[in-house]
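Visitor: I am new to reading structures. Could you walk me through this one?

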There are 2 protein chains.
Amino acid sequence: MSEHPIPAYPVDPINRVKRRHDRGFYDHQTVHKLLDAAALAHVAYVIDGQPFCTPTLFWREGQYLYWHGSTASRMLRNLSEGEPACLTVTHLDSLVLARSGFNHSADYTSVMVFGTARLVEDPQEKLRALTMMVDRLFPDRTATLRPSTTQEIKATAVIVMEIERASAKVRAKGIADDEEDYDLPIYAERLPVHTVLGAPEPCVRLAEGVARPETLSPYRTGRALEGALSEAYQAAYAGKVGS
Amino acid sequence: MSEHPIPAYPVDPINRVKRRHDRGFYDHQTVHKLLDAAALAHVAYVIDGQPFCTPTLFWREGQYLYWHGSTASRMLRNLSEGEPACLTVTHLDSLVLARSGFNHSADYTSVMVFGTARLVEDPQEKLRALTMMVDRLFPDRTATLRPSTTQEIKATAVIVMEIERASAKVRAKGIADDEEDYDLPIYAERLPVHTVLGAPEPCVRLAEGVARPETLSPYRTGRALEGALSEAYQAAYAGKVGS
C-alpha cells in the first residue's frame with residue numbers, strides 16, 4: 001500500500017460509474033484536469049420536483065466550483081438555503097462508426113460533480129469570485145477593466161458548490177468491434193471532432209493604440225479550446241490558493 | 001392575426017426564458033433546428049431528490065426525443081413509470097471580452113426541452129429506434145451493418161420523451177459594451193469557437209476493397225459538426241414521418 005495515496009473523491013452509489021465502470025475515475029487530478037480544461041458546464045437542479053438542466057460558464061477553485069446567474073434567474077429562488085445540484089462537463093472527441101449498431105460509439109470525456117449549491121452572500125467573497133470569473137479565463141484582465149458598479153454587482157448572483165462527490169468518465173479507444181466482425185466487408189472509421197479557436201475579432205470600436213494584451217497569448221487561432229483554457233487556468237491560479 | 005400562426009411550444013413558468021427574455025424562442029422551427037444540429041445533449045433527472053446531469057447522444061423524431069442507455073444505468077431504474085426530465089443542448093459560438101467584467105459574455109445557442117422520459121418497451125418501436133439511433137447520424141447505415149443480436153438489443157435501453165415544453169435561447173451579438181465604455185483604452189474582442197470535423201480515421205483493419213460510403217459525404221474534414229449533423233439529419237428523415 002502506498003504511503004502517499006492519490007487524493008480522490010469518495011465513491012458511493014450516487015457517483016459510482018455503473019455503466020462501463022472501467023471508464024470511471026475518481027482521483028482529484030483527473031477530475032480537476034477535466035474541469036479546468038472547460039468553460040461551459042450543464043447544471044442539474046430541481047424545483048418542485050421538476051428537473052432543470054441549465055448551461056453556464058463555470059470555474060473551479062480548489063474543492064469548490066463557481067458559476068453565475070442573474071438575480072432574476074429561476075435557479076436562484078431556492079439557493080439561499082442550499083440545494084442539491086449536479087454539474088457536468090462533457091467533451092466530445094469523436095464519433096465512432098463500427099461494424100455493428102451496438103458498437104457504434106463516441107470518444108469523450110465527462111466529469112460529474114455532486115454537491116450543494118449556495119448563493120455567495122458575503123460581499124468580499126462575491127467580489128473576489130466576480131474577479132476570478134473573468135481572470136480564470138483571461139489572467140489578470142479584471143485589473144485592466146472599467147470597474148464594476150454597485151448596481152452590476154447587485155445584478156449578478158454567484159453560486160458556489162463544494163465538490164462533495166465527483167466522477168470522471170473517459171472513452172478513448174476509437175473503434176472496438178467484436179473480434180469476429182473485423183473481417184466483414186463493412187466500412188468503419190473514427191471521425192474526430194475538434195473544438196478550436198477561430199481568429200480573434202477585435203472590437204471595431206477599439207480606442208486608438210489599444211493592442212491585444214500578452215495575457216491573451218493562450219488563445220491562439222486554430223488551437224484546441226481545451227488547451228487554451230487549461231493554460232489560462234494555470235496562469236490565473238499560479239501561486240494562488242485553489243490551484 | 002395570422003391565419004397560419006407559427007407552430008410553437010406553449011410557454012409557462014417552467015420553460016419561459018426569464019433572464020434576458022429577449023433571447024427566448026419557442027417556435028417549433030427554431031427549437032427543432034437547434035436540436036437537429038446536435039448529437040450530444042445533457043439530461044437532468046431526479047432520483048430520491050438528488051439531481052443528475054448525464055451526457056448522452058440523442059435525436060429528435062417529430063415531437064419526440066430519443067436517447068439510449070445501458071439497462072445497467074442509474075437513470076433507468078425509475079423510468080418504466082415515466083419520470084420528469086429536462087434535456088438541454090448547448091452550442092458555444094464565442095467568448096466575448098468586453099470593457100467591463102459585467103459585459104463579458106459568450107455567444108451561444110441553447111435549447112431546453114421538458115417532458116416525461118419513458119422506457120421504450122414495445123419491441124418493434126425499440127428496433128426502429130435503434131436503427132434511427134445510427135441512421136440519424138449516418139443515413140441508411142444500419143442496413144449495411146452486421147445485424148444486432150437479441151442479446152445486444154436486450155442490453156440497450158431506449159428512452160423516449162415527448163416534447164411537452166421547450167425553449168431556445170440565442171445570444172449572438174458579440175461585444176455589447178455600455179455606450180460610454182467604448183472610448184476607454186481597453187482591449188475588447190470576440191473570440192470565436194468552432195466545433196469542426198477532423199480527417200476521418202478509417203479502421204486499420206478494414207477488409208480489402210471496402211471504401212468510405214457516399215452516405216458519409218456530409219462529414220467532410222474541416223466542416224462545422226453542426227452543419228454535418230443537420231445535413232445528415234435531413235437526409236436520414238427525408239420523406240419519413242417525424243422530419
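Guide: Gladly! Two residues are in contact if their C-beta atoms, placed from the backbone, lie within 7 Å. This is a predicted model, where local features need pLDDT of at least 70, side-chain atom pairs count only at pLDDT 80 or more, and totals for chains, interfaces and linings use all residues. Residues are numbered from 1 along each chain as its sequence is written, while chains are lettered from A and ligands numbered from 1 in the order in which they are written.

Visitor: Which residues of H4(A) are buried?

Guide: Helices (H or I, at least four residues) and strands (E, at least two) are DSSP runs, numbered from the N terminus. A residue is buried if 20 or more other C-beta atoms lie within 10 Å of its own, exposed if 12 or fewer, and partly exposed in between. In H4(A), the buried ones include Leu225(A), Leu229(A) and Tyr233(A). The buried residues fall within an arc of 160° down the helix axis (taken from the directions from the axis to the C-beta atoms), so they line one face.

Visitor: What covers them?

Guide: The cover includes H1, E5, H2 and E9 of chain A, together with E9 of chain B.

Visitor: Which rotation superposes chain A on chain B?

Guide: Copies are superposed by least squares on the C-alpha atoms of residues with pLDDT of at least 70 in both. Here a rotation of 180° with 0.0 Å of shift along its axis does it, with RMSD 0.0 Å. The copies are thus related as by a two-fold rotation axis. Thr195(A) comes closest to that axis of the residues of chain A, at 2.1 Å (C-alpha).
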